[in-house]
Amino acid sequence: MTKEGTMSEEAIPKRRLYRRPWFLVLIALGAGIITFVIAMLLTDIFSKQQETTNSFTQVVDLDETTVDPAIWGQNFPVQYEAYKQTAEFTESEHGGTMVPHDVEGDPRTEVASSKLEEDPRLVTMWDGYAFAVDYRHARGHEYMTLDQQYTKRNTEFDQPGTCLNCHASMPAIYDELGDGDITAGFESLGSMSLDDALELADHPVSCIDCHDPETMALRITRPAFENGIAALKANEGVEDYDVNRDATHNEMRSYVCAQCHVEYYFAGDEKILTFPWDNGLAIDDIWEYYEDTGHTDFTHATTGADIVKAQHPEFDIWSQGVHAQNGVSCADCHMNYERNGASKVTNHQITTPMEDVNASCGTCHNNTGDGKLEERVAQIQDRFIQSRDIAFDALVALIDDIEAAQNDGDVSEEQIKLAQDYQNKSSFYIDYVYSENSYGFHAPDYTQTILADALDDARKGQLALKGVSAEDLEASDVTVSNSEAKNAD
């Protein structure tokens, strides 16, 4: 309106415009398009929600006695077909090869290649222990029972039944051994030989080891992990932690793997499978735990040093890396989601993420397909191998020096004992990352610090043989101050 109260010339055309029929049609058409887009979006969201609630057709009933994965496969044929592919050997950059095998009494016609033949330093590090006789590259879950049964570590040495915890489908075995008491069945394994325990095994790891047969929810079935994660949470200030009650679904996508892919030891005369997590998951926390408990695994045949044997701490090392810190689970990379028609299905082949970088990495990284991710992985692993080799050479040199000092008789028992202590720690730290199968990828920076510590301990062991005291070998005030500041953060 003008000051005089009449309509301006500019306003008249606009008012008339709104009265025109074609303009009203445009408005209605635009509103219809927006409504359609919103409806499609809501439909897509609803369909994805339905994928999680209507994900299978029940053909057979499943319960706690259904161990055979083929029966589960009648309800979950897509997952079962992928699960069967764990029998296939997936070639990778550092995964070894399959080689012919012909040993009387051993049904295997081929096995994974020997790490001992590739790296004889392993024999030196484990001299006097069963792993110095037979240690091979890993292959798929299908062979986890067979390969454990016929490894020379079992056929030529007395292995406890505790080993079965990670080499067979266990819920039914626990139930049978404990007469319905899972904990009792779990604890009784150490009193058996592995051969006797293997008589109870019908299948390698199966659906029932990770899934509730009624709800299909992920769950923990290994008491060792239940105890270990409860101890870890208690150290973090969380009391009365029950993993099957308190863990999130995303945590479970890593925890089910951590039932076996961890650092562990056999505690006491009962040889109960135990995770050394009371002080934390970092290697320094684990080493402190072993020092506090006085645990060692064997006496080194060359030097006489008491040695802790590391296992395969994939979960422990992954937890220190950037993927874990950003909520990326084990399953996200090793059991990536796949589309099957209108459904989203977890790939149960459980293999290296490098088999399909787009599927395993493409969810988070938008540069799959240009080779950059593969180059980055190769760079991390190459740098790991370089650092590992330097530290390993130093450990072997220390072992040789201790042997020479014992033969010469010119070095005091106190000096030799100090050198042996450094051998133990250096050996454990190298073994810890050598036995972990990501070749440094799960936590690159953290792994490099472990190898630096291992190298330093080997160097200190050699200096101890030259008469340098334990006090003189302690870290400098600056190093201690920096370490305290880091821990305070």
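The lining of the second largest pocket comprises, by class, 10 nonpolar, 8 polar and 12 charged residues; Ala, Val, Leu, Ile, Met, Phe, Trp, Tyr, Cys and Pro count as nonpolar, Asp, Glu, Lys and Arg as charged, and the others, Gly among them, as polar. The structure is a predicted model, in which local features need pLDDT of at least 70 and side-chain atom pairs count only at pLDDT 80 or more, while totals for chains, interfaces and linings use all residues. Residues are numbered from 1 along each chain as its sequence is written, and side-chain values use heavy atoms, with hydrogens and water left out.

The volume of the second largest pocket is about 1,200 Å³. A pocket is an open set of points on a 1 Å grid over the protein atoms alone, where a 1.4 Å probe fits, with protein on both sides within 12 Å along at least five of seven lines; lining residues have an atom within 4 Å of a point. Of the 30 lining residues, D284, W287, K425, Y429 and D453 are the closest to the centre of the pocket. Two or more lining residues come from each of α15 (283–293), α21 (413–434), α22 (444–465) and α23 (477–488), and α21 gives the largest share, 8 residues. Helices (H or I, at least four residues) and strands (E, at least two) are DSSP runs, numbered from the N terminus.

The chain is divided into domain 1 (69–356) and domain 2 (372–478), with bounds from an automatic or database domain assignment. Their C-alpha centres lie 26 Å apart, and 40 residues from domain 1 and 37 residues from domain 2 take part in the contact, defined as heavy atoms within 4.5 Å. Because both domains give residues to its lining, the second largest pocket lies between them.

Within α15, residues I283, I286, W287, Y289 and Y290 are buried (under 20% relative accessible area, with exposed over 50% and partly exposed in between; 1.4 Å probe, protein chains only). Viewed down the axis of α15, the buried residues fall within an arc of 155°, so they line one face of the helix; the arc is that of the directions from the helix axis to the C-beta atoms. E291 and D292 are exposed on the other side of α15. The cover over the buried residues of α15 includes β3 (265–267), β4 (272–274), α16 (314–318), α21 and α22. G294, which follows α15, has a positive phi, near 75°.

In helix α22 is P444, which counts as partly exposed because its relative accessibility is 26%.

Methods:
Points joined across faces, edges and corners; volume = space filled by probe spheres on them.
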